[in-house]
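Thanks, everyone. Please have a look at the structure first.

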Amino acid sequence: MSVARRVFTVLALAALTLTTAVVPATATGGAAPPPGGAENGTRLMEGPALYPRAIRLEHSGAANGTIVASAVTFADGAGHGAIFSSTDHGRTFTRVGTVSDPGAAEGLCCSTLYELPRRVGDLATGTLLWSASVGQEADPETRRMTLPVWASRDQGRTWEHVSTAATAAGVKGLWEPEFAVSPGGDLVLYVSDENQQPTHSQTIVQTTSPDGVTWSPLENVVAAKDPALRPGMPVVRRLPGGTYLMSYEICGPGQNCRHMTRRSSDAVSWGPATNLGRPVRTADGTHFRHAPTISWYDDGTDDGRLLGVGQMLYGADGTVLPGNGSTIMTNDAAPESPWRTAAAPVRVFEPWNNYCPNYSSSLLPMPERDELLELATGYDAEGGTCTTYFAVAGLPD
C-alpha cells in the first residue's frame, strides 16, 4: 500500500485538531455517508484518528478485561499516539493517555500496541508497548526514519521512552511495526523496510531484543526474488501449541497487495525469505487486497478461530465485490485452507486504495460474550477528516 502510505501523514496534518472528549455520535447521524465514510459505528474521538489498534488486557491483574485502543492523531504540528480505554466491552471509550515522541514532529505513521505476556528485561509482565514509524516528513535527502519503543506500566496512562529498535539504513521508509515475544523470551519487532532498493522495493524484516533496550540488526523475513514486489504490513498472532502466524500483504505486479500468511515455530525462524507465503481466500477465490490484519480467539476447539479483514474485497476474476467495505473473513485456525466471509461490525462505504477508508482495521474478538469489536477508519461527512469509528456485533458463525 505504498501510494496510500506516503500521503498518510501529509493529509492527516491538514485535519482538525484533537480533543480528549468522548464522542458518542454515530457515523452518519442518519445521512448517507460520503465515499470512504463509515455507514455505522461510533466515532472514537474528534479530529483525525488513523491506523487504529485495540487489545484486551490479559496480563495486568485487576485491569484484565479492559480494552485499550490506540490511534495516530495530529496536533500542534506533530503526530501523537492517542490512547483510549474501555471498561464496558467496547461500548464507550475514554481518552486516557498520549504518546508524544519528539521525532514525530517530522512525521508519524502506523503505530502498534502490545501487552507483554511475560517479563522482558526490566519490563514486567503486563507492560504496554507502543511503537510507530517516525520521521518520514524530514528532509527526503537526509532523513533516517526510526522505530521508537515506548512503555506504559499503568495501562496506557503514562509512557516512557525505552529505546529505538531500529534506524533506517537509508533515506527510505520503515513502516508498520509489530511486536511479538518468542518462546525464549526475546522481544521481536517486525517492520516493512524500503531501504534495500534496488534489490528489493520493500521487504519485511525483524529485529530481536533480550531486554527491549538493545536490538539486533534487521534481517529479512519476506524478501521476494522479483525486485518490484513489496511485502509489507506484518501482523503476528500466536496460535495454540506455540505456532506463530504472520499476516501481510504483497503489493506489486501479479500480487496486487493480496493478503498472505506464513508460519513460524518460534516467532523468529520463518523459512526461506523468498517464500511469498499462502494466500488468504475463500473456496471461490474471494480475497482481500490492501492493508490486511488478523486476529485469533479461543472458540472452545483445539485450534481456535481466526478472523481477517482487508481494505477492499475482490473476486477471483479481479473485480471489486458488492461486500467491499463491509466484509470480514473467518477460518478454523487453518489459514492455508479456504476461509469464509461474514459481515463486518463497521461498514465503510465504497473504500478504495487510499490511506483512509477501511485501512488496516482492528478486530478484537470477545468470545465469552459472543461479540466482536471492530475499529475502522473512514472520512467524516462534515469536513472530510479521516477518523476512527468503532462498533460491536456478534461473532460470525
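A disulfide here is a pair of cysteine sulfur atoms within 2.5 Å. In general terms, that is a covalent bond between the sulfur atoms of two cysteines. Before the details, the ground rules. This is a predicted model, so local features need pLDDT of at least 70 and side-chain atom pairs count only at pLDDT 80 or more, while totals for chains, interfaces and linings use all residues. Residues are numbered from 1 along each chain as its sequence is written, and side-chain values use heavy atoms, with hydrogens and water left out.

Disulfides, then. How many does a search of the whole structure find? It finds three. Count the bonded cysteines along the chain, and the pattern reads 1-2, 3-4, 5-6.

Start with C109 and C110. Their sulfur atoms sit 2.0 Å apart. The link of C109 and C110 is right-handed, with 65° about the S-S bond. Are these cysteines buried or exposed? Buried means under 20% relative accessible area, exposed means over 50%, and partly exposed lies in between, using a 1.4 Å probe and protein chains only. C109 comes out at 1% relative accessibility, so C109 counts as buried. C110 is at 0%, so C110 is buried too.

Next, C251 and C257. A disulfide joins them, with 1.9 Å from S to S. The angle about the S-S bond is 115°, and the link of C251 and C257 is right-handed. C251 has a relative accessible area of 5% and is buried. C257 is at 7% relative accessibility, so C257 counts as buried as well.

Now C356 and C386. This disulfide has an S to S distance of 2.1 Å. The torsion about the S-S bond is about 95°, so the disulfide of C356 and C386 is right-handed. Where do the two cysteines lie? C356 is in the loop between β23 (340-343) and β24, and C386 is in strand β26, so the pair ties together parts that are 30 residues apart in sequence. A word on naming: helices (H or I, at least four residues) and strands (E, at least two) are DSSP runs, numbered from the N terminus. C356 is buried at 0% relative accessibility. C386 is buried at 3%.

That brings us to the sheet. Strands of a sheet pair through backbone hydrogen bonds, either parallel or antiparallel. Two strands count as paired if DSSP finds at least two bridges between them. Our sheet is open, with four strands in the order β1-β26-β25-β24 and antiparallel pairing. Which strands are at the edges? They are β1 (42-43) and β24 (362-366), and each pairs on one side only.

Five of its five residues are buried, so β24 is largely enclosed by the rest of the structure. S362, L364 and M366 point one way from the strand, L363 and P365 point the other way, and all are buried.

β24 pairs with β25 in the antiparallel sense over five bridges. M366 has E371 as its bridge partner in β25. β24 and β25 form a hairpin with four residues between them. In that turn, D370 has a positive phi of about 55°.

Finally, β25 (residues 371-379) and β26 (residues 386-394). They pair in the antiparallel sense over nine bridges. E371 stands opposite G394 in β26.

Over to you for comments.
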